[in-house]
Amino acid sequence: WLGDPHAARSLLANPPRGTTCFALAALAAAIGAEDACLDGLEGALNRGELSTAWMRSDTRFDRFRSSERFQLLLARLSPLQSS
């Protein structure tokens, strides 16, 4: 995907089997697709994906941190993940 937004959008539209929601969120973040990113993070939280523990510190999501929806998703993380 290195530097190829078209390929990234194609993968978002038709993710390979077994792709995690968090991985799709990270890919969407890389191309600035806010809705797809936040949808992916919400899906990851709904599925209980362990990688959601990185939402608080993963710099790929920095551009979306100020959004109300991102903050609501962060609030859904369990208290154990905040330490």
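**Entry 1: ground rules**

I start with a definition: buried means under 20% relative accessible area, exposed means over 50%, and partly exposed is in between (1.4 Å probe, protein chains only). Aspartate 39 is my test case, and at 45% relative accessibility aspartate 39 counts as partly exposed.

I keep in mind that this is a predicted model, where local features need pLDDT of at least 70, side-chain atom pairs count only at pLDDT 80 or more, and totals for chains, interfaces and linings use all residues. Residues are numbered from 1 along each chain as its sequence is written, and side-chain values use heavy atoms, with hydrogens and water left out.

**Entry 2: confidence and overall layout**

I checked pLDDT, the predictor's confidence in each residue from 0 to 100. The mean for the protein is 90, and 89% of its residues reach 70 or more.

I then looked up the secondary structure and found four helices and zero strands, running α-α-α-α from the N terminus. Helices here are DSSP runs (H or I, at least four residues), strands are E runs of at least two, and both are numbered from the N terminus.

Of the 83 residues, 35% are buried.

**Entry 3: helix H3**

How far apart are the end C-alpha atoms of H3? They are 20 Å apart, which agrees with the 20 Å that its 14 residues should span at 1.5 Å a residue (the expected span is 1.5 Å times one less than the number of residues).

I listed the buried residues of H3: Cys37, Leu38, Gly40, Leu41, Gly43, Ala44 and Leu45. The buried residues of H3 pack against helix H2 (21-30) and helix H4 (68-75). After H3 comes glycine 48, with a positive phi near 70°.

**Entry 4: the core**

I looked for nonpolar cores, that is, sets of buried Ala, Val, Leu, Ile, Met, Phe, Trp, Tyr and Cys residues joined through side-chain atoms within 4.5 Å. The largest has 18 residues, and those with the most contacts inside it are Cys37, Leu41, Met55, Phe61 and Phe70. H2, H3 and H4 each supply at least two residues of this core, and H2 gives the most, with six.

Leaving aside neighbours within four places in sequence, phenylalanine 61 is in contact with Phe22, Ala25, Ala26, Ala29, Cys37, Leu41, Met55 and Phe70. Phenylalanine 22 lies in helix H2 and is buried, with a relative accessible area of 7%. Not counting residues up to four places away in sequence, the residues that phenylalanine 22 touches include Gly40, Leu41, Trp54 and Met55.

**Entry 5: salt bridges**

I searched the whole structure and got five salt bridges, each a side-chain nitrogen of Lys or Arg within 4 Å of a carboxyl oxygen of Asp or Glu.

Which residue does aspartate 39 meet in a salt bridge? The partner is arginine 69, at 2.7 Å, N to O. The pair links distant parts of the chain, with aspartate 39 in helix H3 and arginine 69 in helix H4, 30 residues apart.

Glutamate 42 also forms a salt bridge with arginine 69, with the closest N and O atoms 2.8 Å apart. Glutamate 42 lies in H3 and arginine 69 in H4, so this pair ties together parts that are 27 residues apart in sequence.

I noted one more bridge, between the side chains of aspartate 58 and arginine 60 (2.5 Å, N to O). Aspartate 58 is buried at 12% relative accessible area, whereas arginine 60 is partly exposed at 42%. Shared partners join Asp39, Glu42 and Arg69 into one salt-bridge network.

Definitions and conventions
Contact means heavy atoms within 4.5 Å.
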